Amino acid sequence: MSEALPNFEGLLREALAPVEPPEDLAERLEGTLQSITEMAADELQEWELSAMRDPRNWARPAAALVVGSTAGVALVLLRARHRSSTSGGAAGVRNMAERSLRDLGGEARKLLGDR
């Protein structure tokens, strides 16, 4: 039994070793979120207001609104986090929070300005 224990610990150590994500993960995630946001916006633009009188027609625009909003918020947070991590460490919690809010506002303005 004592021979199996060190082998088990070594296997556990190897299995629980930290794994670095691929370098292009953030770019791929950003591209995917951008395309989801654009597809949801296109879906909402295609709907006519006269078709909205019937509640049976509400599912697709509601889903597009929820998915598009979620992807847009995630995209804003991803870009703001990337910008704050590349700009260096903040001097304090307050400075970091102020910078994050400014970055979030700037990214939201960029996304809304593109439409």
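This is a predicted model: local features need pLDDT of at least 70, side-chain atom pairs count only at pLDDT 80 or more; totals for chains, interfaces and linings use all residues.

Colleague: Where is the place of Leu16?

Modeller: As to its place, Leu16 is in the loop between helix H1 (4-15) and helix H2 (25-46).

Colleague: Which residues make the nonpolar surface patch of about 330 Å²?

Modeller: The patch of about 330 Å² is made by Phe8, Leu12 and Leu16.

Colleague: How many helices and strands are there in the protein chain?

Modeller: From the N terminus on, the elements run α-α-α-α. The count for the protein chain is therefore 4 helices and 0 strands.

Colleague: What span should the 22 residues of H2 have, and how far apart are its end C-alpha atoms?

Modeller: The expected span is 1.5 Å times one less than the number of residues, so the 22 residues of H2 should span 32 Å.

Colleague: Is Glu43 buried or exposed?

Modeller: Glu43 is in helix H2, and its relative accessible area is 18%. Buried means under 20%. Glu43 is therefore buried, and it is listed with Leu33, Gln34, Thr37, Ala40 and Ala41 among the buried residues of H2.

Colleague: Which residue meets Glu43 in a salt bridge?

Modeller: Leaving aside neighbours within four places in sequence, Glu43 is in contact with Arg60 and Ala64. Side chains of opposite charge can pair when their charged atoms come close. With an N to O distance of 3.0 Å, the salt bridge of Glu43 is with Arg60.

Colleague: Which parts of the chain does this pair link?

Modeller: The two residues are 17 apart, and the pair links distant parts of the chain. Arg60 is exposed, with a relative accessible area of 52%, whereas Glu43 is buried at 18%. Arg60 lies in helix H3 and Glu43 in helix H2.

Colleague: What separates the closest N and O atoms of Asp54 and Arg56?

Modeller: A search of the whole structure finds 2 salt bridges, and one of them joins Asp54 and Arg56. Asp54 is partly exposed at 25% relative accessible area, and Arg56 is exposed at 71%. Their closest N and O atoms are apart by 2.9 Å.

Colleague: Which residues does Asn57 contact, leaving aside its neighbours within four places in sequence?

Modeller: Asn57 is in the loop between H2 and helix H3 (59-86), and it is partly exposed, with a relative accessible area of 27%. Asn57 and Trp47 are 10 residues apart in sequence and 9.5 Å apart in space, C-alpha to C-alpha. The contacts of Asn57 are Trp47, Ala51 and Met52.

Colleague: Which residues form the largest nonpolar core?

Modeller: In soluble globular proteins, nonpolar side chains tend to be buried together. The largest nonpolar core here has 5 residues: Leu33, Ala71, Leu75, Val76 and Leu111. The largest share of this core, 3 residues, comes from H3.

Colleague: Which residues does Val76 touch, not counting those up to four places away in sequence?

Modeller: Val76 and Leu111 both belong to the largest nonpolar core. Val76 touches Leu104, Glu107, Ala108 and Leu111.

Definitions and conventions:
Residues are numbered from 1 along each chain as its sequence is written. Side-chain values use heavy atoms; hydrogens and water are left out. Patches are made of residues with over 30% relative accessible area and no salt bridge: like charges are joined within 9 Å, nonpolar side chains (Val, Leu, Ile, Met, Phe, Trp, Tyr) within 5 Å. Accessible areas come from the Shrake-Rupley method with a 1.4 Å probe; for residues, only the protein chains shown count as cover. A salt bridge is a side-chain nitrogen of Lys or Arg within 4 Å of a carboxyl oxygen of Asp or Glu. Buried means under 20% relative accessible area, exposed over 50%, partly exposed in between (1.4 Å probe, protein chains only). Contact means heavy atoms within 4.5 Å. A nonpolar core is a set of buried Ala, Val, Leu, Ile, Met, Phe, Trp, Tyr and Cys residues joined through side-chain atoms within 4.5 Å.
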